[in-house]
Amino acid sequence: MIERIWSGKSSLYLLLLPLSWLYGLVSGAIRLSWKLGLRKAWRAPVPIVVVGNLTAGGNGKTPVVIWLVEQLQSRGIRVGVVSRGYGGKAERYPLILTPATDTTQAGDEPVLIYQRTGAPVAVAPERSAAVKVLIEHAQPQLIITDDGLQHYALARDKEIVVVDGVRRFGNGWWLPAGPMRERAGRLNSVDAIITNGGEAQAGEIAMHLQPGEAVNLLSGERCPAQVLQNVVAMAGIGHPPRFFATLKQCGVTPVNTVSLADHQALTEADVVKLLDKDQTLLMTEKDAVKCRAFVAGHENWWYLPVDARLAQPQAEQLLQTLVALVK
C-alpha cells in the first residue's frame with residue numbers, strides 16, 4: 001500500500017499531507033539553522049564524503065559506498081567508513097567493527113561494508129563520534145559516511161546522492177505522504193548524483209547493479225544463480241522488487257518470493273520456516289550477513305552478491321575529485 005501511495009498511484013496521500021507539511025517545516029528549519037550558522041557543525045581534520053538519499057527506501061546506496069571504497073583503496077588511499085548503524089544495538093558507542101562484530105551490534109549495512117572491503121568501519125548515532133574514534137584508531141586519509149545527508153551536525157567536503165532511476169521521487173511529497181526526506185531541489189546543491197537503473201538525466205552518473213555468482217553461505221561454493229533449483233527468494237532490503245527483478249535477469253524463476261522489512265532482524269527459526277527441505281534459499285548479501293550466525297547445518301542457503309557499475313568517464317571524474325581531497 002505504501003508503495004502505491006508514494007508512487008502517486010493512490011490518492012490516499014492526501015490524508016497524510018498535513019503530517020508531510022509538518023515534516024517539511026521541521027526538517028527545513030533544522031537545515032536552515034545549520035546553514036545560517038545558528039548551530040555549528042563539527043569539521044573533521046580529514047575529508048568527509050557523504051553518500052546519501054533524498055528518499056526513504058533502498059536506492060542502492062550501500063553498493064555505491066562499497067564501490068567508492070574499493071576504487072579509492074585501489075588508488076592507495078586509506079579509506080574509513082562511518083554509519084549510524086541502523087538496526088544494531090551495541091552496548092556502547094562509538095563501536096569499531098572487528099571480524100567478531102555481528103549485525104545485532106552494528107547493523108547489517110556496516111557489517112556488509114566491512115566484510116566486503118576490509119576498510120575500518122565505525123558506527124555511532126552521533127556520526128562525529130564515529131569519525132573521531134576512526135581517526136584515532138585507523139588514521140584514514142578520507143572518510144565516507146554511509147547515509148547522513150540530512151545529518152548536518154557533521155560538516156562534509158562532498159555530497160553524493162543516489163537516486164532510484166526507476167522510481168525517482170514518486171509523488172514528490174515529504175514523508176509520510178511521499179518518500180521524500182528533502183525535496184528534489186536539494187539536488188542542486190550536491191556534488192554528484194548517481195542514478196541506479198532507469199535512465200539517468202542530464203548531469204547524473206548512470207549506474208547499474210551487476211550480479212555475480214551465487215555463493216553458498218556454509219561452504220563458500222560459487223555457481224551461476226540459474227543452476228539453482230526450486231528457489232525461494234528472500235529480500236530484506238529497502239526495495240525487495242529490485243532483487244527479484246535481478247534474479248529474473250539472471251534466469252532464476254523463484255517458486256516463491258519473500259519480502260522482508262529493511263534491516264529486519266532474523267532468527268534461524270524465521271528463515272527455516274520459509275522453505276521446504278527440497279527447496280533452495282537465495283537471499284541478498286545484506287540478508288546473508290545476518291544469517292551467518294546460524295547457518296550451520298543449512299547447506300541449501302545461498303546469496304547473490306551485486307556490484308555497482310558506474311558509467312565512464314563521469315565515474316572517473318568523480319573519483320579524481322575525491323582523490324584531490326587527500327593532501
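Predicted model: local features only at pLDDT ≥ 70, side-chain atom pairs only at ≥ 80, totals over all residues.
At what angle do helix α3 (residues 61-74) and helix α10 (residues 314-323) pack, and how many Å apart are their axes?

1. Helices α3 and α10 pack at an angle of about 65 degrees, and their axes are 11 Å apart. Angles of 65 to 115 degrees count as roughly perpendicular, so α3 is described as roughly perpendicular to α10. The crossing of α3 past α10 is right-handed.

2. Next, see which residues touch. From α3, the contact uses Trp 67, Leu 68, Gln 71 and Leu 72. On the α10 side, Ala 315, Leu 318, Leu 319, Leu 322 and Val 323 take part. A handy idea when you look at such lists: an α-helix has 3.6 residues a turn, so residues three or four places apart point the same way.

3. Now for the aromatic rings. The structure contains 3 aromatic pairs. In the pair formed by Phe 294 and Trp 301, the ring centres are 6.2 Å apart and the planes meet at 85 degrees, so this pair is edge-to-face. Phe 294 and Trp 301 are both buried.

4. Lys 132 lies over the face of Trp 42, 4.9 Å from the ring centre. Over the ring of Trp 173 sits the charged end of Arg 183, at 5.2 Å from the centre.

5. Finally, have a look at helix α7, which spans residues 240-249. Its buried residues include Phe 243, Phe 244 and Leu 247, and also Arg 242. After α7 comes Gly 251, with a positive phi near 85 degrees.

Note on methods
Residues numbered from 1 in each chain as written. Heavy atoms only, no water. Phe/Tyr/Trp six-rings, centres within 6.5 Å; stacked < 30°, edge-to-face > 60°. Buried < 20%, exposed > 50% of the residue type's maximum accessible area, 1.4 Å probe, protein only. Lys NZ or Arg CZ within 6 Å of the ring centre and 35° of its normal. Helix = DSSP H or I, 4+ residues; strand = E, 2+ residues; numbered from the N terminus. Axes fitted to C-alpha atoms, helices over the stretch in contact; angles between N-to-C directions. Parallel < 35°, antiparallel > 145°, perpendicular 65-115°, else oblique. Left-handed = near helix turned anticlockwise from the far one by under 90°. Contact = heavy atoms within 4.5 Å.
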